Amino acid sequence: MKFSFDESARSEIRGFFEEALGSAGTETMNLFNELVAIYTREQYKPLYTMTSEIAEYYTQDFHNVVQEQFENWVDSETSITAFADELEASDDSSDDAYVAAQYLQGDLQNALDELFSNQPDVPSVSTEAHLTKDDNEIFEEVDELLQKFEDALEGLISDYNSKADTNSEDNQLYSNVSEILEAILESYKSLFDVFKEGVSNLASHISERGSSAESKSETDKDQMKTQAESVGEALRDVSGLFDFG
């Protein structure tokens, strides 16, 4: 097993962690921007409402969830400081390693804070709806975006796990960091899986509401037709008053 706590190694690991989180953050902001583009184009309030809610959850509750994940990792046996602590019995320089590990975990915390400093911009719908697409087409477009995001996150997880495996051959610390990194990236996937389910439920609700409105409209048309026929009969009776033949 090889490992290094020197400044050069710590810098490389910081870069590895920051790059992965930055990629996840970029994918997330791109997704929000594309969702905004859709509901702005259509001025579609239901999608605006959902996007606004998920943006608020992302910047607050989800941030807290990820922060808790990180803190749990710091306190776990797979953290960098835990690894440094294990060196105490076999390495006289373990005290220096533990201090270096604390510095590195502080740097990773800063990278996590930086990730959530970039918040999505979700402007409100300001004009009347003017849908250029059917509701179902809009939801299909959103579903494709979410699937694209999920695929991108899966690609990131695979890519950075592979990088961690390769680099851990020269420095065990990559393996330790990959534990929390994968957990965070998986949380991103889970967050938007929930959003995807919410969009699906909204699509079903609107479809059912539309079917109900269509059915009601047909019933109203039938009633109006019957009423018109009744009025027609009455008018024919009235017309007899003017029969001077």
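**Exercises on a predicted helical model**

In this predicted model, R14 has a relative accessibility of 17% and counts as buried.

**Exercise 1.** Place R14 in the secondary structure, explain its burial class, and find its polar side-chain partner.

Solution. 
- R14 belongs to helix α1, which covers residues 7–42.
- The cut-off for buried is under 20% relative accessible area. R14 is at 17%, so it counts as buried.
- The side chain of R14 makes a polar contact of 3.0 Å with the side chain of E7.
- With residues up to four places away in sequence left out, R14 touches E7, L104, D107 and L108.

**Exercise 2.** Describe the largest nonpolar core: which residues touch the most other members, and which helix gives the largest share?

Solution. 
- The core has 64 residues, and F5, F17, I80, Y188 and F192 touch the most other members.
- At least two core residues come from each of α1, α2, α3 (80–86), α4 (94–117), α5 (135–168) and α6 (173–239).
- Helix α6 gives the largest share, 14 residues.
- For Y188, contacts beyond four places in sequence are A24, T28, Y58, F62, L115, F116, F149 and L153.

Key: Residues are numbered from 1 along each chain as its sequence is written. This is a predicted model: local features need pLDDT of at least 70, side-chain atom pairs count only at pLDDT 80 or more; totals for chains, interfaces and linings use all residues. Side-chain values use heavy atoms; hydrogens and water are left out. Helices (H or I, at least four residues) and strands (E, at least two) are DSSP runs, numbered from the N terminus. Buried means under 20% relative accessible area, exposed over 50%, partly exposed in between (1.4 Å probe, protein chains only). A polar contact is a pair of N or O atoms within 3.5 Å; within protein, one must be able to donate a hydrogen and the other to accept it, and residues adjacent in sequence count only if both atoms are side-chain atoms. Contact means heavy atoms within 4.5 Å. A nonpolar core is a set of buried Ala, Val, Leu, Ile, Met, Phe, Trp, Tyr and Cys residues joined through side-chain atoms within 4.5 Å.
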